[in-house]
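The following paragraphs walk through a predicted model. Keep the structure open while reading.

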Amino acid sequence: MAITAVRIDGRLLHGQVANMWTNVVGATRIMVIDDEVAASPVAKAGIKLAKPAGVNLSILNEERAAGNILAGRYDSQKVFILVKRPAVLLHLLKKGVPLKVVNVGNMSQSDATNPLTPSINLVPQDVADFQELHKSGVKLTVQMVPSDPLLDLMDLLKKF
């Protein structure tokens, strides 16, 4: 399968992802899946600035991303998927996109969120989406940077 890694990061593509994670997972293509970003030329331009040299980049809405993946368009590449929230991954899974492991990185704080960790802030819908992903057989891990210990998100949610 073309998907080599999946990460939830509210910042999508930024220095940490571009310089650390892309190399660690061996990605040849970064796929940012976000409906709002895909519709905004300004947001897309900002993400393109963070793209590491030698790595392809796709910035797609959820429907197009699912269609391209299921059509085998990236089967010859190692795709690193980036999304902001678990709901996007749940949508992809329901469309038939196979997801095995999801790494949860930064989920930004807002007035509506509650902190799970210093860098992961959730709304109730995120918790429900994570539980549904888990029930569907997706392994959910937490790791901000590759050198951090790998934690099980479901263990952390039990204490939430």
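Strand 2 (residues 29-33) and strand 4 (residues 79-83) run parallel and are joined by four bridges. Within this pair, Ile30 has Phe80 of strand 4 as its bridge partner.

Strand 5 (residues 101-104) pairs with strand 8 (residues 139-142) in the parallel sense, over four bridges. One of the residues involved is Val101, whose bridge partner in strand 8 is Lys139. Strand 8 and strand 9 (residues 151-152), by contrast, run antiparallel and are joined by two bridges. Here Val142 has Leu151 of strand 9 as its bridge partner.

What does the loop between strand 8 and strand 9 hold? Met144 lies in this loop. Leaving aside residues up to four places away in sequence, Met144 touches Arg7, Arg11, Gln16, Trp21, Gly105, Asn106 and Ser119. For Asn106, the separation from Met144 is 38 residues in sequence, while the C-alpha to C-alpha distance is 6.9 Å.

Two packed helices are described by the angle between their axes and the distance between the axes. For helix 5 (residues 86-95) and helix 6 (residues 124-135), the axes come within 9 Å and cross at roughly 35°. This crossing is left-handed. On the helix 5 side, the contact is made by Pro86, Ala87, Leu89, Leu90, Leu93 and Lys94. Helix 6 meets them with Asp126, Asp129, Phe130, Glu132 and Leu133. By class, the residues of this contact divide into seven nonpolar and four charged, with no polar residue.

The last feature is the space left between the atoms. Rolling a probe the size of a water molecule over the atoms shows where empty space is left. The largest pocket holds about 290 Å³ of space. Its lining counts 18 residues, and those nearest the centre are Ile3, Thr4, Ala5, Val6 and Val101.

Which elements each supply at least two residues of the lining? They are strand 1 (3-8), helix 1 (15-25) and strand 5. The largest share, five residues, comes from strand 1. By class, the lining has twelve nonpolar, four polar and two charged residues.

Notes
Residues are numbered from 1 along each chain as its sequence is written. This is a predicted model: local features need pLDDT of at least 70, side-chain atom pairs count only at pLDDT 80 or more; totals for chains, interfaces and linings use all residues. Side-chain values use heavy atoms; hydrogens and water are left out. Axes are lines fitted to C-alpha atoms, for helices over the stretch in contact, and angles run from 0 to 180 degrees between N-to-C directions. A crossing is left-handed if the near helix is turned anticlockwise from the far one by less than a right angle, and right-handed if clockwise. Contact means heavy atoms within 4.5 Å. Ala, Val, Leu, Ile, Met, Phe, Trp, Tyr, Cys and Pro count as nonpolar, Asp, Glu, Lys and Arg as charged, and the others, Gly among them, as polar. Two strands pair if DSSP finds at least two bridges between them. On a 1 Å grid over the protein atoms alone, a cavity is a set of points where a 1.4 Å probe fits but cannot get out, and a pocket is an open set with protein on both sides within 12 Å along at least five of seven lines; lining residues have an atom within 4 Å of a point. Grid points are joined across faces, edges and corners, and a volume is the space filled by probe spheres set on the points.
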